[in-house]
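Colleague: I would like to learn how to read salt bridges and accessibility in a model such as this one. Could we go through a few cases together?

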Amino acid sequence: MILYDEPAIQEKLDRLPNSHRSVFALGQAERWIVAYEQFVHVVGEGDTHSLRSAIQDGWNAIITGGRVSLEKVEAQLAIAEQHTGQLAEAAQAAAFCACYALDATNDPGKCEHAMFAARWVYNAIDAWLGYELGSALSRETSSPKAREVAISTLDDKIAAHPRMQRELQIIESALEELASIPQGNVTALLACRTRWATAWPALD
């Protein structure tokens, strides 16, 4: 079973060129906009398009070298933070991931921005699975005692869940792929975007 190993991820990010870190963060954030999209669908508030537009600005900056405003993302984060529950937590995690991805684009020399983006990817899937599995437990357990026992094992179930294992493998695979791309090969870096979105749809 793959465990979330932040020091190992940090070490791999440290070895990447600045532009590669930005691509890693943007790619993961873009995949996880779907968590915010689900929140908007259920709650009826927020604007997924604003998040997508901001991430597109980030990809454009990979080519132009310009800076990106976080205003659109921060506005959506503020909406998600007005709500509670695991669905809202997943949306917040997705928005935080987008914020740090744009930070990584604006200031790629600071490796911690890409690291925080990876952390919020983990938080997003953790919150999403907590929402899904927790809802299922509530439906399937009839007594308070049985529900208490089931909830006590929730963290272990989340860690071992195929979606969590898949997401952690995606982080590892993305870092390995980026490590193989020579510095300055912008075409290869941008090709990661399409390949990752196709091969690794979030919540698939």
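Predicted model: local features only at pLDDT ≥ 70, side-chain atom pairs only at ≥ 80, totals over all residues.

Colleague: Which side chain does K72 meet in a salt bridge?

Modeller: The side chain of K72 meets that of D57, with 3.1 Å from N to O. Because D57 lies in helix 4 (residues 48-64) and K72 in helix 5 (residues 71-80), the pair ties together parts that are 15 residues apart in sequence. D57 is also partly exposed, its relative accessible area being 30%.

Colleague: How many salt bridges does a search of the whole structure find?

Modeller: The search finds nine, one of them between the side chains of R31 and E167, at 2.7 Å from N to O. This pair links distant parts of the chain, since R31 is in helix 2 (residues 18-31) and E167 in helix 10 (residues 162-179), 136 residues apart.

Colleague: Why do R31 and E167 count as buried?

Modeller: Buried means under 20% relative accessible area, so R31 qualifies at 7%, and E167 qualifies at 2%.

Colleague: Which residues does A159 touch, leaving aside those up to four places away in sequence?

Modeller: A159, found in helix 9 (residues 154-160), touches M1, M164 and Q165 on that count. The C-alpha atoms of A159 and L3 are separated by 7.4 Å, although these residues are 156 residues apart along the chain.

Notes. Residues numbered from 1 in each chain as written. Heavy atoms only, no water. Helix = DSSP H or I, 4+ residues; strand = E, 2+ residues; numbered from the N terminus. Contact = heavy atoms within 4.5 Å. Salt bridge = Lys/Arg side-chain N within 4 Å of Asp/Glu carboxyl O. Buried < 20%, exposed > 50% of the residue type's maximum accessible area, 1.4 Å probe, protein only.
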